[in-house]
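Dear colleague,

Please find below the structure that I am handing over to you.

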Amino acid sequence: MFISVVTPTYNRQPILEKCLRALEQQVYDPALITDLELVVVDDGSTDGTQDWLRQNAAEFPHVRLYERNHGGAGAARNYGVEVARGDTIAFIDSDVILVPGALQAHAQTLADAYQRLGDDRAFSAGRLVNTCNFEQPTTEPAKVTDFSNAFFDTANVAIARHWLLTAGLFDPDFRLYGWEDLELGVRLKNLGVSMVKVPEALGYHYHAPFALDQIPKMIDQEIQRGRMGALFYQKHPTREVKMMIQMTWLHRILWGVLTAGGRLNEKTMAPLLRWLIDQGKPQVALELARVFLNWYTVQGVYAAYREMQQEG
């Protein structure tokens, strides 16, 4: 396989450096991975990412840098696939640090799946561990909250390039935050492409430690996620998609009860969240904040769906 790692990035230079160094340090069998390129698509960064990469090009011999105006992760990934020279695409997000054998594990899993299936209708899905430890991200232990069964989460997956082209790449209608990768996953599934999990393809997904000043942006993202969720359901009106986007009576009741009808929110929970952060437990604070964040998601998806019905 000739693997093209496609990594979109936007104003993430410090963690991108760790991501790319981990990719340059991958250990693999050249009989299996015959060639490797790192296609970095800078999506209009303003933090000096492009200059930093050009100045340090000698340290990243596999990197091919492409620069674009800011258009979102989906558009950046599409461009990366279009310019990629490999027959296999690995999507690795710019805030993910892979263990040294991750790409080898992806490639071996794909090769085994192709032999078992008799064709290449499969993609490999690596494992992710969320961490807020910037200095030593790979020391983070796995947690129950890290588990995900999402179909085609593009933080850490690999797939034959032609299936992405056949499916039509990422839908440009998803201009706001959320769902563009899982929507493509639905189209891949409809083509008969299956998911094969690869625990050995481990990546550490970095997030800055949770702080109260992040909450307004996080709420905005959840409202956007709700709007894009409604669009997702409009394009694929299935029960499976309704469950994914939380547009069910069950989710409405669940998050309504857990937030006491929205009364447990970013304002009323702020003292508790601040105390947990001061106690050195930002991850616990974040998990509690996700309760009212999910409420915003559910409210957002229903509001957007009502708007779409009125317009159409």
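This is a predicted model: local features need pLDDT of at least 70, side-chain atom pairs count only at pLDDT 80 or more; totals for chains, interfaces and linings use all residues.

I begin with the helices. Helix α9, which covers residues 249–258, packs against helix α11, which covers residues 282–311, at an angle of about 140°, and their axes lie 9 Å apart. Because of that angle, α9 is oblique to α11; an angle would have to be over 145 degrees to count as roughly antiparallel. The crossing of α9 past α11 is left-handed.

The contact between these two helices involves named residues on each side. From α9 come Trp249, His251, Arg252, Trp255, Gly256 and Leu258. They meet Val291, Asn294, Trp295, Val298, Tyr302 and Arg306 of α11. By residue class, the contact of α9 with α11 comprises seven nonpolar, three polar and two charged residues.

I turn next to strand β6. This strand spans residues 122–131, and eight of its ten residues are buried, so β6 is largely enclosed by the rest of the structure.

Two pairings of β6 may be of use to you. With strand β8 (residues 194–206), β6 pairs in the parallel sense, over ten bridges; here Ser124 stands opposite Val196 in β8. With strand β7 (residues 156–160), β6 runs antiparallel, and three bridges join the two. In that pairing, Ala125 is found opposite Val157 in β7.

Yours sincerely

Conventions:
Residues are numbered from 1 along each chain as its sequence is written. Side-chain values use heavy atoms; hydrogens and water are left out. Axes are lines fitted to C-alpha atoms, for helices over the stretch in contact, and angles run from 0 to 180 degrees between N-to-C directions. Helices (H or I, at least four residues) and strands (E, at least two) are DSSP runs, numbered from the N terminus. Angles under 35 degrees count as roughly parallel, over 145 as roughly antiparallel, 65 to 115 as roughly perpendicular and the rest as oblique. A crossing is left-handed if the near helix is turned anticlockwise from the far one by less than a right angle, and right-handed if clockwise. Contact means heavy atoms within 4.5 Å. Ala, Val, Leu, Ile, Met, Phe, Trp, Tyr, Cys and Pro count as nonpolar, Asp, Glu, Lys and Arg as charged, and the others, Gly among them, as polar. Buried means under 20% relative accessible area, exposed over 50%, partly exposed in between (1.4 Å probe, protein chains only). Two strands pair if DSSP finds at least two bridges between them.
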